[in-house]
Amino acid sequence: MFGGFSKDLGIDLGTANSLVYLKGQGIIVREPSVVAVDVHNDEIKAVGNAAKRMIGRTPGNIVAVRPLKDGVIADYNKTLCMIEYFIRQAINTKKMLLPRRPNVMVCIPSGVTQPEKRAVEEATLGAGAKEAFMIEEPFAAAIGAGLPVWEPTGSMVVDIGGGTTEVAVISLGGIVTAKSLRVAGDKMDEAIIQYIRRKFNLLIGERTAEILKVEIGSAIPDDEDTKREIKGRDMVSGLPRMVTITSRDIAEALSETVEAIINSVKRTLEETPPELAADILDRGIVLTGGGALLRNLDRRLAEETKIPVHVADNPLDCVAVGTGAALEHLDMLKPRTGQALRFRRRRF
Ligand code: ADP
Ligand code: MG
């Protein structure tokens, strides 16, 4: 009854980016999780890339909204609109390769509540899916990173996205211990804004902060002291001004958020059964999500936990790939009456 699932879709509805994966084709949709809204009547003007392009180029009444920004559904209708858009986009671009009504597996942040999951399920069916399935985010990340999730061995995955960091230990097809932290890429950007405001009396925007993080950011204030010039608004004169920021500045700005992530990994390890902790010590911790790309984060985490740390290949794609791959393991998924489908914790 579950034949033909390799032609179906896996969707990673992330806090920053949403991706659609089709087996044999790879990622077929990759767009920001953004909706453009008219503030006067709350009308949705565009979704994804088109929404991002619209911002700043249209009258001031159009604003960008990220409905999943903090890992919870802040705005129901906008989230549903977004998911429908991504599914339709995938179905429309790959009509020839897909069954008329594909099955769709969706991965949403773990802070989303059961009734919200049900709404996502309905939106998925409403957008043309034959059947809708859900998967927990760290589980999808682990599958996508190639971890042996079905085996009786402990695997640890840390997925650092825009709004949330998800830490989980997985064994025998189930999540054994997990934590979700609302500290990730966005909080890093905010920390950079605060730091530059305090140290240089300069106001910069979120986009500039993100550029600094990606280009010269580091989890360790290392010797390689790269510099970058940025422009902002002087807080005293109100005029535009240019300053030179060093990678040490950014490392200092990021220290608190990096520490929060490291602490949640340590706390998760403390709650992990000793046999599985031993497996993790042998196999190492795997980092996924865009935040995994922060320079030296792997090194810093390894130093602090005394456990080897690896960044997954294509960390931004792991959740989408794992969500799609999970469609081939539906027999391992256990339905719960009246709830969204999800992987169940298994006892052994
Ligand atoms: P989500 O799954 O929550 O949508 P992603 O996994 O797509 O999030 O990651 C997005 C986050 O990763 C953003 O905060 C972005 O700034 C950050 N990011 C992307 N590339 C890098 C990089 N090279 N260094 C540090 N952070 C990065
Ligand atoms: Mg993600």
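**Charges, pairs and patches**

Tutor: Start with Asp70. Its relative accessible area is 41%. Keep in mind that this is a predicted model.

Student: Why is Asp70 called partly exposed?

Tutor: Buried means under 20%, and exposed means over 50%. Asp70 has 41%, so Asp70 is partly exposed. Asp70 sits in the loop between β6 (62-65) and α2 (76-93).

Student: What makes Asp70 part of a patch?

Tutor: Asp70 gathers with Glu190, Glu206 and Glu210 on the surface, and the patch is one of negative charge. Asp and Glu count as negative. Patch members need over 30% relative accessible area. Asp70 has 41%, so Asp70 passes that cut-off.

Student: Which residues gather in a patch of positive charge?

Tutor: Lys52, Arg53, Arg57 and Arg207 do, also on the surface. Arg207 belongs to helix α6 (residues 206-216).

Student: Now the pairs. How do you know that Asp317 and Arg30 form a salt bridge?

Tutor: Side chains of opposite charge can pair when their charged atoms come close. The cut-off is within 4 Å, nitrogen to carboxyl oxygen. For Asp317 and Arg30 the value is 2.8 Å, N to O, so the pair qualifies.

Student: What does the pair of Asp317 and Arg30 tie together?

Tutor: Parts that are 287 residues apart in sequence. Asp317 lies in the loop between β16 (309-311) and α10 (318-326), while Arg30 lies in strand β3 (residues 26-32).

Student: Is Asp317 buried or exposed?

Tutor: Buried: Asp317 has 14% relative accessibility, and the cut-off is under 20%. Arg30 has 47%, so Arg30 counts as partly exposed.

Student: What makes Lys78 and Asp75 a salt bridge?

Tutor: Their closest N and O atoms are 2.5 Å apart. Lys78 is buried at 6%. Asp75, at 21%, is partly exposed.

Student: How do you know that Arg241 and Asp234 meet in a salt bridge?

Tutor: Use the same test. The value is 2.7 Å, N to O, so the pair is within 4 Å. Arg241 is partly exposed at 29%. Asp234 is buried at 12%.

Student: Which residues do salt bridges with shared partners join into one network?

Tutor: Glu259, Lys266, Arg300 and Glu304.

Student: How many salt bridges does the rule give?

Tutor: The count comes to 14.

Methods
Residues numbered from 1 in each chain as written. Chains lettered and ligands numbered in written order. Predicted model: local features only at pLDDT ≥ 70, side-chain atom pairs only at ≥ 80, totals over all residues. Heavy atoms only, no water. Patch = residues over 30% accessible without salt bridge, like charges linked within 9 Å, V, L, I, M, F, W, Y side chains within 5 Å. Areas by Shrake-Rupley, 256 points an atom, 1.4 Å probe, with all protein chains shown as cover. Salt bridge = Lys/Arg side-chain N within 4 Å of Asp/Glu carboxyl O. Charge placed at Lys NZ, Arg CZ, Asp CG, Glu CD. Helix = DSSP H or I, 4+ residues; strand = E, 2+ residues; numbered from the N terminus. Buried < 20%, exposed > 50% of the residue type's maximum accessible area, 1.4 Å probe, protein only.
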